[in-house]
Amino acid sequence: FRATFIIHTKVMQPLKFNKVYHQLMQQLFPWQQHYARQLATACSSSSSNSSTFRFADLETELTKEPQTRPSSVDSLVFGTQFSDHMLVARHTGPTGWSRPRIEPIRCLPLHPATKALHYALECFEGLKAYWGVDGRVRLFRPLENMKRLRASAERATLASFDPGELLDCLRQLVRTDLAWVPRSQEGALYIRPAMIASEPRIAIGPAEETTLFIITGPVGPYYPTGFKPVTLLADPEFARAWPGGAGRSKMGSNYGPTCRIQLLAAEQGCQQVLWLFGPEHRITEVGTMNVFLFWRCPSSGRPQLVTPALTEDLILPGITRSSVLELARQWGDWEVIERNVTMPEVADAIQSGRLLEMFGCGTACVVNPVGAIRYQGQLLQVPTMSEGAPVTMRFFKALTDIQYGRIPQHPWADIVA
Ligand code: PLP
């Protein structure tokens with residue numbers, strides 16, 4: 001009895017979600033239909049290691065009905081056109097991850113009780129593939145997106161995976177739909193990985209089944225008619241995130257509630273919301289971008305590049321944000337500071353003429369200059385564009401030079417084709 005107990009707890013339990021476990025159990029208890037069923041599923045669909053899917057197990061089913069591709073990027077409306085294929089993998093408790101599959105884009109079969117639809121157990125990513133001046137196709141620091149997706153998935157209790165394996169699958173998806181990457185240094189192929197709790201269960205609780213998918217689609221230039229500075233609504237009545245919340249994760253539940261505030265901003269002539277937090281009105285993010293200030297230090301008068309620090313789960317750790325910080329530190333032309341900044345400090349810098357430029361940054365736009373802020377009944381004019389925004393534009397050029405291969409080799413560029 002002791003020997004059986006030890007074998008069961010020390011050997012069998014760790015194998016519980018593994019094919020071998022079901023194989024052994026079937027040998028030991030052949031009358032148990034349960035193990036035979038689990039074994040059949042494990043053998044037909046499971047990746048060799050259930051803690052992650054593997055690129056080596058990737059299956060591909062090509063479409064028999066390719067869609068017509070848009071002839072130019074200029075008329076594209078963001079997020080409305082999708083390429084021919086998608087990547088899908090599913091994780092369930094007993095069998096672990098299925099093999100990842102590239103297959104024709106199609107609707108997901110979702111029961112109306114799907115948990116993600118009721119409790120927003122969901123997370124996503126956003127990155128792009130760029131057609132370079134040399135005809136090669138590049139991703140920009142994509143492993144960072146894969147790691148951030150895994151971190152968001154953990155926050156949402158969704159299944160974990162190896163970011164390197166997902167990146168290999170993603171590269172293959174981009175190669176499969178290479179014809180969909182706009183051949184222009186204005187457009188790009190937008191890539192949207194997402195993960196949802198897909199079990200049909202109306203009960204709040206951790207995800208029991210995860211469906212991971214990646215869809216892609218061509219997008220046009222963010223600034224078709226040149227840079228346009230945005231006006232921001234800074235209203236302390238609204239918050240995007242709070243200490244101990246999920247603001248640092250890219251979960252859908254952080255975005256849905258912002259749409260109403262975006263509408264209120266539009267009613268006041270503002271294109272974006274400057275998200276404030278706390279009684280001291282700390283600035284956190286601009287819309288779905290990280291925010292930077294370029295100003296003269298009040299005490300030393302020296303130029304400083306400042307961005308809010310990533311503390312208390314308030315801010316999404318943007319990949320563009322960290323790239324801007326790394327570039328600025330490499331250039332060494334100004335002090336580069338991550339710290340809390342309040343709206344009264346920003347207003348004071350504007351009124352005393354110390355604020356030189358302000359911009360949001362993110363994958364969608366790279367950088368977005370700020371022209372004005374509506375705050376406590378005043379419209380504060382930000383002089384970002386008055387001298388042509390040299391600092392903002394320097395970042396725009398440096399980042400797009402890497403993305404579109406004007407710098408042929410760069411450690412942040414991941415050449416996929
Ligand atoms: N902040 C939020 C809330 C975002 O949704 C995004 C975009 O993903 C960013 C910042 C910018 O992040 P990244 O530079 O990784 O695109």
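A residue counts as buried when its relative accessible area is under 20%, and as exposed when that area is over 50%, with partly exposed residues in between. The structure described here is a predicted model. By this cut-off, buried residues make up 51% of the 417 residues in the chain. The secondary structure comprises 10 helices and 19 strands. Among the contacts with a sequence separation of 6 or more, 72% are between residues 24 or more positions apart.

The UniProt record, an unreviewed entry, places the feature "modified residue: N6-(pyridoxal phosphate)lysine" at K250. This lysine is located in the loop between β10 (230-234) and α7 (258-267). The relative accessibility of K250 is 11%, and K250 therefore counts as buried, since the cut-off for burial is under 20%. When residues up to four places away in sequence are left out, K250 touches C123, F124, E125, G126, R148, S152, Y255 and L316.

The structure holds 28 salt bridges. One of them joins the side chains of R99 and D57, with an N to O distance of 3.6 Å. D57, at 14% relative accessibility, counts as buried.

A salt bridge is also formed by the side chains of E61 and R106, at 3.3 Å from N to O. This pair, too, links distant parts of the chain, the two residues being 45 residues apart. E61 is in the loop between β1 and β2 (85-92), and R106 is in the loop between β4 and α4 (115-119). Both residues are partly exposed: the relative accessible area is 26% for E61 and 41% for R106. The residues of these two pairs belong to a network of salt bridges that links D57, E59, E61, R99, R101, E103 and R106.

Another salt bridge lies within a helix. The closest N and O atoms of D401 and K397 are 2.7 Å apart. Both residues are in helix α10 (residues 390-403), and because they are 4 residues apart there, about one helical turn separates them. D401 has a relative accessible area of 9%, so this residue is buried. K397 has a relative accessibility of 51% and thus counts as exposed, the cut-off for exposed residues being over 50%.

Helix α10 also packs against helix α8 (residues 319-331), with the axes of the two helices 11 Å apart and at an angle of about 105°. The two helices are therefore roughly perpendicular to each other, because angles of 65 to 115 degrees are placed in that class. On the α8 side, the contact is made by T320, S323, V324, L327, A328 and W331. On the α10 side, R394, F395, A398 and L399 take part. The residues of this contact divide into 7 nonpolar, 2 polar and 1 charged.

Methods:
Residues numbered from 1 in each chain as written. Predicted model: local features only at pLDDT ≥ 70, side-chain atom pairs only at ≥ 80, totals over all residues. Heavy atoms only, no water. UniProt positions renumbered as here; feature names shortened; annotations may be inferred. Buried < 20%, exposed > 50% of the residue type's maximum accessible area, 1.4 Å probe, protein only. Contact = heavy atoms within 4.5 Å. Salt bridge = Lys/Arg side-chain N within 4 Å of Asp/Glu carboxyl O. Axes fitted to C-alpha atoms, helices over the stretch in contact; angles between N-to-C directions. Parallel < 35°, antiparallel > 145°, perpendicular 65-115°, else oblique. Nonpolar A, V, L, I, M, F, W, Y, C, P; charged D, E, K, R; others polar.
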